[in-house]
Amino acid sequence: MISEQERLVRWFYRQEWPSRELRFEDQLLQACSGALAKNSEQAERYVFANKRRIWNALKRQQDLDLERGRRPMFYVTDSDGMRAVWVRRPNDKLQGAAALRADALWRARPRMLRKIDLLSDRDYEALGCLVSELVGAEKFLLTPPGNEGGIDFLCRMTMPSRTHIFGGTCAPIRIVGQCKKYQSRVGVEKIRDFAKTIDDVRHRAHHLENVVPHWFRGGSGPVIGWMIGHSGFQSGSVTIANNQGIILSDSVDMAEVIAKSRAFYESLLPDARADKVVETIGDYLAS
């Protein structure tokens, strides 16, 4: 069961706001209608009783975004007064065309997220291939639907480095991907199952012979796991993943990569770019 607080946080990630200081109380009133389906009277009572708690939850999410290297949803300008600037940093010096480009890229993220929300489970697996290609995968494979041994996609990429030892030019890293289009956070057992799948790939388990291609199986680089969970992960899952060396990402990560990518239809308006996500996923599924 997803809590009201979590539903509100998710709703805020998918909204677009003017690039000026806004009063959080006004935004939360809209959120109560959009995310919780409350009428105006119910929304006013909810905001009066919970605005500080939800504000603090969003600030914790802001800290988490910064810790993970993501662009936060907003920048606090008055913590006591619960005011913030959305999209642009308050001290952003960008002007003219550069400022317009930055705004367009960041406004694309909530639109990408709304498109991702509508993807099927199979589409979501193909999304892993799209993002893999955008971040530099030189080879990737979407596994066939059905009995694929717990592997949704595979990719191989060379990591940049100042020294040849870690550059991976001779031994690119090999990534085993799994995607979970769940409405709730991914639990511990799914991470444990995935860790077993990665171990099977490393040891060339017989049941994966027809799933893992030669370019992956015959490589000499390290094999790592990457799980993409639409709604994130339970805290216990994060601990196990860290211990197992599994990379965890959610749909906000996916939307940010696509939105920031200069290679993904940068010249199009945000809505058109978001439509291209669905179109490109369809191309992956058809190939």
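Glu-279 counts as partly exposed because its relative accessibility is 42%, where partly exposed means between the buried limit of under 20% relative accessible area and the exposed limit of over 50%, computed with a 1.4 Å probe on protein chains only. The side chain of Glu-279 meets that of Lys-276 in a salt bridge of 3.2 Å, N to O, a salt bridge being a side-chain nitrogen of Lys or Arg within 4 Å of a carboxyl oxygen of Asp or Glu. This is a predicted model, in which local features need pLDDT of at least 70 and side-chain atom pairs count only at pLDDT 80 or more, while totals for chains, interfaces and linings use all residues. Residues are numbered from 1 along each chain as its sequence is written, and side-chain values use heavy atoms, with hydrogens and water left out.

**Salt bridges**

- Lys-276 and Glu-279 both belong to helix H11 (residues 270–286), where they sit 3 residues apart, about one turn of the helix; helices (H or I, at least four residues) and strands (E, at least two) are DSSP runs, numbered from the N terminus.
- The structure holds 24 salt bridges.
- In helix H3, Arg-45 and Glu-41 are separated by about one helical turn because they are 4 residues apart, and their side chains meet in a salt bridge of 3.0 Å, N to O.
- Both Arg-45 and Glu-41 are exposed.
- Glu-25 forms a salt bridge with Arg-23, with the closest N and O atoms 3.8 Å apart; Glu-25 is partly exposed at 24% relative accessibility, and Arg-23 is partly exposed at 34%.

**Gln-42 in helix H3**

- Gln-42 lies in helix H3, which covers residues 40–67, and it counts as partly exposed because its relative accessible area is 34%.
- Although Gln-42 and Leu-29 are 13 residues apart in sequence, their C-alpha atoms are 9.6 Å apart in space.

- Strand S6 (residues 173–180) is mostly covered, since 8 of its 8 residues are buried.
- Strand S5 (residues 153–157) runs antiparallel to S6 and is joined to it by 5 bridges, two strands being paired if DSSP finds at least two bridges between them.
- Within this pairing, Phe-153 has Gly-177 of S6 as its bridge partner.
- S6 also pairs with strand S7 (residues 223–229), here in the parallel sense and over 7 bridges, and Gly-177 stands opposite Trp-226 in S7.

**Cysteines**

- A disulfide is a covalent bond between the sulfur atoms of two cysteines.
- The structure holds 0 disulfides, the criterion being a pair of cysteine sulfur atoms within 2.5 Å.
- Cys-155 is in no disulfide, and the nearest cysteine sulfur, that of Cys-129, is 7.8 Å away; Cys-155 counts as buried because its relative accessibility is 0%.
- For Cys-179, the closest cysteine sulfur is likewise in Cys-129, and at 7.8 Å it is too far for a bond.
- Cys-179 is buried, with a relative accessible area of 8%.
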